[in-house]
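Subject: A structure to look through, with notes

Dear colleague,

Please find below the structure that I promised to hand over.

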Amino acid sequence: MAYETPPLPYAYDALEPYLDARTMEIHHDKHHVTYTTNCNKALAEHPDLAAKPIEQLLREIDRVPADIRPAVINHGGGHYHHSFYWRILGPGKGGQPKGPLADEIKKVFGGFDAFKEQFAKAALGRFGSGWAWLCLDASGKLAICDTMNQDSPLSKGHTPILTIDVWEHAYYLKYQNRRADFVAAWWNVVNWDMATDLYNAGRR
Ligand code: MN3
């Protein structure tokens with residue numbers, strides 16, 4: 001049994017002009033596929049582990065044998081995070097969340113604009129490669145964090161609600177070194193309906 005890279009849930013150019021088609025194509029077809037392939041290679045001798053959902057391996061990373069643990073963190077994390085990332089974006093999205101997630105963001109961060117500012121700060125402050133996240137932490141509270149490389153918030157007991165990939169491969173073709181411009185544009189393709197569903201499911 002092997003993991004599969006899920007197809008991109010929209011066309012390569014669907015997130016233009018914010019995320020360009022060429023970046024989306026390389027990001028999904030090359031980067032994501034490579035993570036999935038290398039995760040499967042790492043688990044080739046461990047069919048018992050490969051039979052489990054990747055979320056479970058990352059949540060229980062200490063139970064993965066030490067010799068393949070770094071590969072599962074890097075490639076399994078890469079596979080899971082990208083699968084999540086495509087779904088949390090979408091064409092014709094952006095705007096603001098509604099309902100309970102909007103209320104909680106206001107309560108925890110002091111308003112949607114204050115949240116955006118703090119989230120962008122995490123995305124811009126992540127030195128080198130990694131991700132910024134909005135998660136439910138282990139106590140069920142909304143929290144912003146950032147992670148290095150493909151380290152997963154799942155391994156800290158967090159439940160992801162929203163994420164931005166700030167590896168250079170996510171933006172370099174269009175934005176070069178201007179990560180701030182990429183982050184500012186990225187808000188226009190955030191799928192808040194999906195984030196709200198994840199928040200509601202995580203709260204149950
Ligand atoms: Mn990436």
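Before the sheet can be described, two terms are needed: two strands are said to pair if DSSP finds at least two bridges between them, and helices (H or I, at least four residues) and strands (E, at least two) are DSSP runs, numbered from the N terminus. Please keep in mind that this is a predicted model, in which local features need pLDDT of at least 70 and side-chain atom pairs count only at pLDDT 80 or more, while totals for chains, interfaces and linings use all residues. Residues are numbered from 1 along each chain as its sequence is written, and side-chain values use heavy atoms, with hydrogens and water left out.

The sheet

Strands of a sheet pair through backbone hydrogen bonds, either parallel or antiparallel. Here three strands form an open sheet in the order β2-β1-β3, and the pairing is antiparallel. The edge strands are β2 (142-148) and β3 (159-165), each of which pairs on one side only. On average, and with direction ignored, neighbouring strands of this sheet are turned by 25 degrees against each other; for such angles, axes are lines fitted to C-alpha atoms, for helices over the stretch in contact, and angles run from 0 to 180 degrees between N-to-C directions.

Strand β1 (residues 130-136) is joined to β3 by six bridges, and β1 is joined to β2 by seven bridges. On the β3 side, C135 has P160 as its bridge partner, L136 has T159, and W131 has D165. On the β2 side, W131 stands opposite T147, and L136 has L142 as its bridge partner. The hairpin of β1 and β2 has five residues between the strands, and in it G140 takes a positive phi near 85 degrees.

How covered are these strands? A residue counts as buried under 20% relative accessible area, as exposed over 50%, and as partly exposed in between (1.4 Å probe, protein chains only). Seven of the seven residues of β1 are buried, so this strand is largely enclosed by the rest of the structure. In a regular strand the side chains alternate between the two faces of the sheet. In β1, G130, A132, L134 and L136 point one way, whereas W131, W133 and C135 point the other way, and all are buried. Strand β3 is mostly covered, with six of its seven residues buried.

The metal site

The manganese ion is coordinated by H27 (NE2), H82 (NE2), D165 (OD) and H169 (NE2), at 1.9 to 2.2 Å. Donors are N, O and S atoms within 2.8 Å of the metal (3.2 Å for Na, K and Ca), and water is not among the atoms, so sites may look incomplete. Along the chain, the donors of the manganese ion follow the spacing H-x54-H-x82-D-x3-H. Because H27 lies in helix α1 (residues 21-42) and H82 in helix α4, the pair ties together parts that are 55 residues apart in sequence. Both histidines are enclosed: H27 counts as buried at 2% relative accessibility, and H82 counts as buried at 0%.

Aromatic rings

Rings of Phe, Tyr and Trp (its six-membered ring) pair if their centres lie within 6.5 Å, and planes under 30 degrees apart count as stacked, over 60 as edge-to-face and the rest as tilted. A search of the whole structure finds 18 aromatic pairs. In one of them, the rings of Y80 and F84 have their centres 6.3 Å apart and their planes at 45 degrees, so the pair is tilted. Y80 and F84 are four residues apart in helix α4 and are therefore separated by about one helical turn. The rings of F84 and W133 have their centres 6.1 Å apart and their planes at 50 degrees, so this pair is tilted as well. Since F84 lies in helix α4 and W133 in strand β1, their pair ties together parts that are 49 residues apart in sequence. F84 is buried, with a relative accessible area of 5%, and W133 is buried, with a relative accessible area of 0%. Elsewhere, ring pairs link F109, F112, F115, F119, W186, W187 and W192 into a cluster.

With best wishes
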